[in-house]
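Below is a short briefing for a reader who has not seen this model before.

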Amino acid sequence: MEKNKFGKILAVAQNVLNECIRHKVLNILFVFALALIGGSLLIEELSPGAQGRTLINVGYANMEIFGFLTLMLSIFIMTFEEVEMRNLWLSLTKPISRSSYLLGKFLGITFVLLLTIAVMSIIIMGIAFFGRISLNLNYILIVYSMTLGLLLTIAFTLAFISIATNLTTGLIFSSFVFLIGHLTEHLKAIIENPLTSEAVKVALFIVYYITPNFSIFNLKDKAYMVDGRFDLSYILLITLYAAVYTFISLLIGTRAFKKKEL
Amino acid sequence: MNAIEVKNLKKTYISGHFWNRKRAVALCGVDLKIKEKEVFGLLGLNGAGKTTLIKIMTGLVFPTFGSASILGKPAGDVQTRKEMAYLPEMPYFPRYLTPLEILDFYARLYEVPRKNRKEIISVALLKVGLYEKKNIKLKEFSKGMLQKVGIAQLLLNDAKVFFLDEPTYGLDPLATKQMRDIILELKKAGKTIFLNTHQVSEVKQICDRIGILNKGRLISEAEVKNIKGSIESYFVKKVADDGKE
């Protein structure tokens with residue numbers, strides 16, 4: 001039985017956060033701010049009437065992309081130093097189980113992601129404030145659901161990296177899953193199309209059910225449609241969905257990591 | 001009780017895809033017993049399997065066959081690792097952290113209580129002569145200085161068994177002497193030390209007993225005091241004799 005398990009997980013998480021900050025991963029936020037401010041000026045020129053909604057949509061879409069970039073960059077930096085530079089040898093010969101180490105890494109990258117999202121939300125609120133665009137509380141739910149999707153992405157990326165023989169393969173594969181996960185509705189349409197061959201249908205059917213459906217986390221397109229009100233049972237459902245997928249991904253990741261030779 | 005016990009240990013690395021599997025035998029049936037408080041030096045040419053043996057004992061890779069135990073517990077076990085310390089050949093550290101931060105991280109993994117942590121880290125840094133540089137980022141450190149940080153992390157948990165893989169690699173003569181003094185100090189304190197090296201000169205001054213690993217097999221074991229002539233000639237003879245067989 002591993003003693004002080006949570007303390008060790010927290011130590012790894014703090015170390016990950018510390019390293020990511022030192023590696024200037026959060027500089028990505030400056031790019032986000034510049035992109036958003038530039039975008040808001042352009043939108044003001046192009047469509048003065050629809051400025052508010054367009055700006056918010058652009059802001060939240062950018063937030064997801066930059067959140068994804070942040071977590072991929074964090075995972076890349078951490079894993080590159082650990083595996084390619086062999087930092088991991090020293091950490092894993094200390095009395096910490098591999099599952100605790102992986103959970104610590106997940107928690108650490110989650111900290112980085114939450115920090116990034118918090119700063120990006122403040123930037124969006126700042127732009128909305130100065131542009132006199134009203135934001136209601138439902139935007140918290142938009143950010144919340146987006147964060148769920150990104151947390152799930154951290155978990156399956158760590159799982160892929162633990163399974164893959166090299167870092168690049170793991171990152172490419174998880175980026176591919178992230179992309180496919182955003183297109184699951186289109187996959188469904190292709191499966192239901194009578195012109196699709198049976199073999200393709202079976203292959204897509206498997207992909208459809210294995211790949212997490214990221215479109216369910218996309219609430220930003222619905223913010224205006226439902227008059228600023230979301231069904232709380234839907235929020236609970238997507239929370240459960242993300243929790244189950246994250247749990248399964250971490251379980252697969254820890255199993256693979258335990259068997260990995262360094 | 002033996003501090004380290006290795007029984008019929010075999011390791012084969014498998015690489016490539018299933019249609020093009022490649023096998024490389026690193027260890028083929030190693031048996032070894034190291035007593036408590038003993039300093040054991042493992043000698044071998046490059047690629048003899050020395051690092052693989054140390055990696056199995058520290059839990060970084062897993063044996064294909066056989067077993068290894070440390071202080072009676074399975075090698076690689078979390079509880080076993082609490083009582084051992086390991087210095088890899090050419091240790092690497094996160095480049096943007098400082099010695100103080102990385103040692104604090106390792107101390108936390110060793111469950112060193114918060115109230116003692118600062119003092120233990122300071123003592124370790126003083127011992128390796130890096131106390132003044134404790135707040136400088138590791139990316140600014142030379143190879144030798146990084147090796148010293150590696151040595152400092154050995155001293156955090158009052159380990160009973162030490163695994164040192166080429167501990168003087170990259171060190172200048174002064175730092176090599178410092179390293180040797182630290183090992184001798186550990187020996188004096190009754191620690192068990194497993195030393196991997198191909199620096200034969202080191203062995204005579206530090207080790208009680210040596211083993212020679214060649215092509216994954218332990219071809220010889222001997223007490224240092226019983227070796228007639230230089231260890232270097234003993235080593236060369238044993239490896240050459242093994243090549244003839």
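What percentage of the contacts in chain A with a separation of 6 or more is accounted for by residues 24 or more positions apart? The share is 82%, where two residues are in contact if their C-beta atoms, placed from the backbone, lie within 7 Å. This is a predicted model, in which local features need pLDDT of at least 70, side-chain atom pairs count only at pLDDT 80 or more, and totals for chains, interfaces and linings use all residues. Residues are numbered from 1 along each chain as its sequence is written, while chains are lettered from A and ligands numbered from 1 in the order in which they are written.

**Chain A overall**

- Chain A has 10 helices and 0 strands; helices (H or I, at least four residues) and strands (E, at least two) are DSSP runs, numbered from the N terminus.
- The radius of gyration of chain A, taken over C-alpha atoms, is 20 Å, close to the 18 Å that the globule rule gives for 262 residues, so chain A is as compact as a globular protein of that length. The globule rule is 2.2 Å times the number of residues to the power 0.38.
- The C-alpha trace of chain A spans about 60 × 50 × 30 Å along its principal axes.
- Of the 262 residues of chain A, 38% count as buried. A residue is buried if 20 or more other C-beta atoms lie within 10 Å of its own, exposed if 12 or fewer, and partly exposed in between, with C-beta atoms placed from the backbone.

**Helix pair in chain A**

- Helix H1 (residues 5–22) of chain A and helix H5 (residues 98–130) of chain A have axes that come within 7 Å and cross at roughly 45°. Axes are lines fitted to C-alpha atoms, for helices over the stretch in contact, and angles run from 0 to 180 degrees between N-to-C directions.
- H1(A) and H5(A) are therefore oblique to each other; angles under 35 degrees count as roughly parallel, over 145 as roughly antiparallel, 65 to 115 as roughly perpendicular and the rest as oblique.
- Residues of H1(A) in this contact include Ile9(A), Val12(A) and Val16(A), and those of H5(A) include Leu103(A), Gly104(A) and Phe111(A).
- The contact of H1(A) with H5(A) has 13 nonpolar, 4 polar and 3 charged residues. Ala, Val, Leu, Ile, Met, Phe, Trp, Tyr, Cys and Pro count as nonpolar, Asp, Glu, Lys and Arg as charged, and the others, Gly among them, as polar.

**Helix pair in chain B**

- The axes of helix H3 (residues 99–109) of chain B and helix H4 (residues 114–128) of chain B cross at roughly 125° and come within 10 Å.
- H3(B) and H4(B) are therefore oblique to each other.
- Among the residues making the contact are Leu100(B) and Leu103(B) of H3(B), and Ile120(B) and Ile121(B) of H4(B).
- This contact of H3(B) with H4(B) has 8 nonpolar, no polar and 2 charged residues.

**Where the chains meet**

- Chain B gives 25 residues to the contact and chain A gives 26 residues.
- On the side of chain B that touches chain A, H3(B) supplies the largest share, 5 residues.
- That side of chain B divides into 16 nonpolar, 4 polar and 5 charged residues.

**Positive phi in chain B**

- Most residues other than glycine have a negative phi.
- Lys37(B) has a positive phi, near 70°, and its place is in the loop between strand E2 (22–35) and strand E3 (39–44) of chain B.
- Glu111(B) has a positive phi, near 65°, and lies in the loop between H3 and H4 of chain B.
- With 17 C-beta neighbours inside 10 Å, Glu111(B) counts as partly exposed.
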